[in-house]
Structures are given as structure tokens and as C-alpha cells.
Amino acid sequence: NDLHEDVAYTIGKAFGTYIKKFNQTKCVVGHDNRYSYPELTKAVVTGILDAGMDVVYLDLVTTPMYYYAQIKLDIPAGIMVTASHNPPQYNGYKAYWDNGAQVIEPHDVGIIDEVNSAARCRPSN
């Protein structure tokens, strides 16, 4: 219930802003077939684009296919829209860095800081 388009956009913008600090110019995005993928994927892609990044959109892929594309395309950063093994009513994001490694310290803290900064700057409706 807490993951909706505004949150997805903020995650995308924060991730794009953060990876740009490491001279990245592209980001890979894929999604699985969960019910909420259209809205959440569109919002995260829009956020990444608004951060000034290019997006290589893979469309519907499995997570292993996403890994392969990231390595084959030599793009170290990306997001897979998936809730992995959770029931189909759920969805989420897996953020990746450096050829298939999920985002871990210190990058996770940097992205969280960007999310918090973006949330503070978001105009209220």
C-alpha cells in the first residue's frame, strides 16, 4: 500500500541523481509481470530521466535476464521492478550497481540520503 507512483518517482530520481555523481550516464530498467508494474515502472523511469540519465528499458524480463543485459550492455547501474519471491499483490525494487551486485554500503546510504532530500523538496499537492 505504501509503494505508489509518487514513491516510485522519488526512488527513480534519487537513484539517477546518486549514480550521476559517479559519472554514470545510463541506467538499465526492467520489470517482471506483477499487476502494478505499469505504473511503478513508468514512474521510476520518469524519475531517472528527470535526474538527467538515459534509460535502457528492457521491458518484461526475469531478474537473471536483467543481470545478463546489465553485463552485456556494460551499464553498471540499474533497477529491476520486482518483489522477487513475494506474492503477486506486492511489488518493489531491486537496485543494482557494478555488474549485478545489489546496492550495498556505502551506496545504499547515499541513495537513501537522495530519497530523503527529494522528499523534502517535493511540492505538496
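Let's start with a pair of strands: β3 (residues 78-81) and β4 run antiparallel to each other and are joined by 4 bridges. Two strands are said to pair if DSSP finds at least two bridges between them. Within this pair, I79 stands opposite A95 of β4. Buried here means under 20% relative accessible area, while exposed means over 50% and partly exposed lies in between, using a 1.4 Å probe and protein chains only.

Before going on, a word about the model. It is a predicted model, where local features need pLDDT of at least 70 and side-chain atom pairs count only at pLDDT 80 or more, while totals for chains, interfaces and linings use all residues. Residues are numbered from 1 along each chain as its sequence is written, and side-chain values use heavy atoms, leaving out hydrogens and water.

Now step back to the whole chain. The protein chain has 4 helices and 5 strands, and from the N terminus on their order is α-β-α-β-α-β-β-β-α. These elements are DSSP runs numbered from the N terminus: helices are H or I runs of at least four residues, and strands are E runs of at least two. Of the chain's 125 residues, 40% count as buried. Among contacts (heavy atoms within 4.5 Å) between residues at least 6 apart in sequence, 68% join residues at least 24 apart.

Among the buried residues of α1 are A8, F15, Y18 and I19.

What happens to nonpolar side chains in soluble globular proteins? They tend to be buried together. In this model we can look for a nonpolar core, a set of buried Ala, Val, Leu, Ile, Met, Phe, Trp, Tyr and Cys residues joined through side-chain atoms within 4.5 Å. The largest such core has 18 residues, and F15, I19, V44, I48 and Y93 touch the most other members. Helix α1, β1 (26-31), α2 (37-50), β3 and β4 each supply at least two residues of this core. The largest share, 5 residues, comes from α2. A second, separate core of 6 residues includes V28, Y66, I75 and Y96. Returning to I19, its contacts beyond the neighbours within four places in sequence are Q24, K26, C27, M53, A77 and W97.

Helix α2 also holds T41. Is T41 buried or exposed? T41 counts as buried because its relative accessibility is 4%. A polar atom of the T41 side chain lies 2.8 Å from the backbone oxygen of Y37. Leaving aside neighbours within four places in sequence, T41 is in contact with V29, H31, Y57 and V81.

D59, found in strand β2 (residues 54-60), has a phi near 75 degrees, a positive value in a residue other than glycine. With a relative accessible area of 39%, D59 is partly exposed. D74 sits in the loop between α3 (63-72) and β3, and its phi is near 55 degrees, also positive in a residue other than glycine. D74 counts as exposed because its relative accessibility is 60%.

Definitions and conventions
Polar contact = N/O pair within 3.5 Å; in protein donor to acceptor, adjacent residues only side chain to side chain.
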